[in-house]
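Here is a short tour for you to follow with the model open beside the text. Take a look at the coordinates first, then read on.

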Protein chains: 2
Amino acid sequence: MTEERTASEKRSRGPRDERGVMVARITQAARASFAHNGWAGTTLRGIAREVGVDPALVHYYFSSKEELLDASTNPPEAWIASIQRTSTVALEGRGEAIVRNVIWTWEHPEISEVLRSILLTAAHEPRTQEKLRTFLAASLLPSIAEQLDDEERLLRASLVGSQVLGLAMLRYVWRIEPLASVSDDELVTMVAPTIQRYLSGSLR
Amino acid sequence: MTEERTASEKRSRGPRDERGVMVARITQAARASFAHNGWAGTTLRGIAREVGVDPALVHYYFSSKEELLDASTNPPEAWIASIQRTSTVALEGRGEAIVRNVIWTWEHPEISEVLRSILLTAAHEPRTQEKLRTFLAASLLPSIAEQLDDEERLLRASLVGSQVLGLAMLRYVWRIEPLASVSDDELVTMVAPTIQRYLSGSLR
């Protein structure tokens with residue numbers, strides 16, 4: 001809930017709200033630690049040292065490491081909203097809209113930093129993997145597949161998800177060439193037809 | 001080098017060769033530990049405890065944690081060979097051959113266990129990520145793209161890689177439904193045209 005909590009608390013208490021700022025700093029440090037040091041290598045004490053505050057303050061906001069992990073791996077609101085917007089694009093143009101949204105997402109410094117950490121953490125942390133699975137199945141995939149035939153919509157959406165995830169990993173996380181440096185327009189031309197077929201083409 | 005070393009030493013010294021068996025047990029335990037506990041959470045001492053041997057024995061085979069990581073994250077020979085075989089399939093049938101090979105790979109208990117660990121480790125371990133990147137660029141992608149037009153072959157191969165990786169993650173690692181339980185033949189029908197287009201279709 002962190003991103004949401006931080007954002008809503010900033011809204012209700014103003015941008016200089018100390019609680020919101022502190023929670024954001026703690027979860028940012030926690031994301032980096034969970035992603036790179038894993039569950040076992042992350043401690044509330046280490047996070048406190050990283051942020052430069054007393055461990056008691058971290059404990060004040062997050063009573064356990066589980067709670068901190070949960071707060072640190074919430075998908076950014078702006079990203080969820082951007083995906084939901086692609087579902088309002090007319091079906092025949094949605095393949096391109098989804099590829100352009102992948103590019104926007106991964107070139108957005110704050111969103112991509114959070115998503116990268118969630119992916120890295122999910123890779124080795126079963127709790128985050130489960131959360132990501134639930135999130136994909138309950139929120140992301142139905143949104144991509146909105147307006148599609150009910151029976152096949154989740155299957156089609158998970159095929160879209162497979163291409164989008166692999167593309168993001170190779171182009172933005174592992175930076176495999178030449179995929180990492182083709183232009184955005186080239187990428188759209190190459191990959192949008194795949195997404196479009198998964199959304200509305202013949203699959204059988 | 002482990003899989004290779006183990007295999008070749010088994011060949012030269014017979015199946016009961018103690019060194020080969022011990023190296024295989026150590027690297028298997030190391031793979032699981034690097035994947036789940038990360039670099040910081042893995043120690044030669046912990047691996048020794050897991051295998052039930054003296055730490056000195058682990059040190060005898062692997063002088064450092066770097067060396068053990070390197071040995072534990074070598075792609076299985078049988079997997080590399082299977083990919084190279086798909087490059088000998090006539091181009092017009094290679095899309096299907098590649099999807100069938102993904103299914104074979106991930107349903108092969110030993111190969112999939114190793115690949116899963118490498119993916120999980122690569123997610124948070126820069127050394128393994130770099131190794132995977134080099135391996136993909138130097139060996140895997142050129143093999144997939146053999147016989148293709150030279151200029152675009154790596155780009156086409158990396159698009160294939162993006163779909164294959166995303167598919168493997170969603171279907172076999174995260175087990176997202178309904179993708180996780182569609183039949184093999186359905187999967188081929190749905191995904192082979194994507195791979196085939198990346199290999200030999202019009203991309204621009």
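Is the crossing of helix 7 of chain A and helix 11 of chain A left-handed or right-handed? The crossing is right-handed, meaning that the near helix is turned clockwise from the far one by less than a right angle. This is a predicted model, where local features need pLDDT of at least 70, side-chain atom pairs count only at pLDDT 80 or more, and totals for chains, interfaces and linings use all residues. Residues are numbered from 1 along each chain as its sequence is written, with chains lettered from A and ligands numbered from 1 in the order in which they are written.

**Helix pair in chain A**
- The axes (lines fitted to C-alpha atoms over the stretch in contact) of helix 7 (residues 94-107) and helix 11 (residues 184-200) of chain A come within 7 Å and cross at roughly 130°.
- Helix 7 and helix 11 of chain A are therefore oblique to each other (angles under 35 degrees count as roughly parallel, over 145 as roughly antiparallel, 65 to 115 as roughly perpendicular and the rest as oblique).
- Residues meeting across this pair include A:Ile98 and A:Ile103 from helix 7 of chain A, and A:Leu187 and A:Val191 from helix 11 of chain A.

**Contact between the chains**
- Chain B and chain A each bring 39 residues to the contact (C-beta atoms, placed from the backbone, within 7 Å).
- Helix 10 of chain B gives the most to the side of chain B that touches chain A, with 13 residues.

**Helix 8 of chain B**
- This helix (residues 109-124) has 16 residues and reaches 23 Å from its first C-alpha to its last, close to the 22 Å expected at 1.5 Å a residue (1.5 Å times one less than the number of residues).

Methods: Helix = DSSP H or I, 4+ residues; strand = E, 2+ residues; numbered from the N terminus. Contact = placed C-beta atoms within 7 Å. Axes fitted to C-alpha atoms, helices over the stretch in contact; angles between N-to-C directions.
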